[in-house]
Amino acid sequence: MDYEERLLEALRTVQTSLLPSLVRRHPRHDINLLHAAVLQALDRGGEPTIRDLADMIGRSVSRTSRLVDQLVAHNLAERNEDPDDRRVRRVRISASGRDLLDEVQQMRVEAQLQLWEYLAEDERETVLHAMELLAKAARRYRDERD
């Protein structure tokens, strides 16, 4: 894997594990940090319940339900009936939601890669190693809290 691929992987891991930098709204959709947190949780796979999502993002069930309603209204998430229990609704990210996450992430990565050009070769190796260490730490952070 070349430097750019390693850097992109490290940046993506840090960005998807730690969400605070998504506070800024995306210009195409009215989403904020909590919406992004729900989309990131859904992007990990599976079809959690609202309660599961609430636990993942540390919000109440009613607040999480409203967030999901907003994402569904923007076609960024989908609610489906649980095949084993019709009273339970499961949530998953939609194709549009995944596209939005990819688009926002790509914009952020491209901006950060522009800084890469201002580093000398030895600095790039140092920064890359540090970013890989941060990515490992971010994974542990995420895993301990999930």
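This is a short tour of a predicted model, helix by helix and then to a strand pair.

**Before you start.** Residues are numbered from 1 along each chain as its sequence is written, and side-chain values use heavy atoms, with hydrogens and water left out. In this predicted model, local features need pLDDT of at least 70 and side-chain atom pairs count only at pLDDT 80 or more, while totals for chains, interfaces and linings use all residues.

**Stop 1: helix α2.** Select residues 33–43, helix α2. Helices (H or I, at least four residues) and strands (E, at least two) are DSSP runs, numbered from the N terminus. α2 is mostly covered, with 9 of its 11 residues buried. Buried means under 20% relative accessible area, exposed over 50%, and partly exposed in between (1.4 Å probe, protein chains only). Among the buried residues are Leu34, His35 and Gln40. Step just past α2 to Gly45, which takes a positive phi of about 110 degrees.

**Stop 2: α2 against α3.** Axes are lines fitted to C-alpha atoms, for helices over the stretch in contact, and angles run from 0 to 180 degrees between N-to-C directions. α2 is therefore roughly perpendicular to α3. (Under 35 degrees counts as roughly parallel, over 145 as roughly antiparallel, 65 to 115 as roughly perpendicular, the rest as oblique.) Show Ala37, Val38, Ala41 and Leu42 of α2 with Leu53, Met56 and Ile57 of α3; these make the contact, meaning heavy atoms within 4.5 Å. By class, the contact has 7 nonpolar, no polar and no charged residues. Ala, Val, Leu, Ile, Met, Phe, Trp, Tyr, Cys and Pro count as nonpolar, Asp, Glu, Lys and Arg as charged, and the others, Gly among them, as polar.

**Stop 3: bring in α4.** Select residues 61–73, helix α4. α3 and α4 pack at about 105 degrees, with axes 9 Å apart. They are therefore roughly perpendicular to each other. Look for Arg51 and Ala54 of α3, and Thr64 and Ser65 of α4, among the contact residues. This contact has 7 nonpolar, 2 polar and 1 charged residues.

Now turn to α2 and α4. Their axes come within 10 Å and cross at roughly 85 degrees. So α2 is roughly perpendicular to α4. The contact includes His35 of α2 and Arg63 and Gln70 of α4.

**Last stop: the hairpin.** Select β1 (residues 77–82) and β2 (residues 85–93). The strands pair in the antiparallel sense over 6 bridges; pairing needs at least two bridges found by DSSP. The hairpin has 2 residues between its strands. Finish at Asp82, whose bridge partner in β2 is Asp85.
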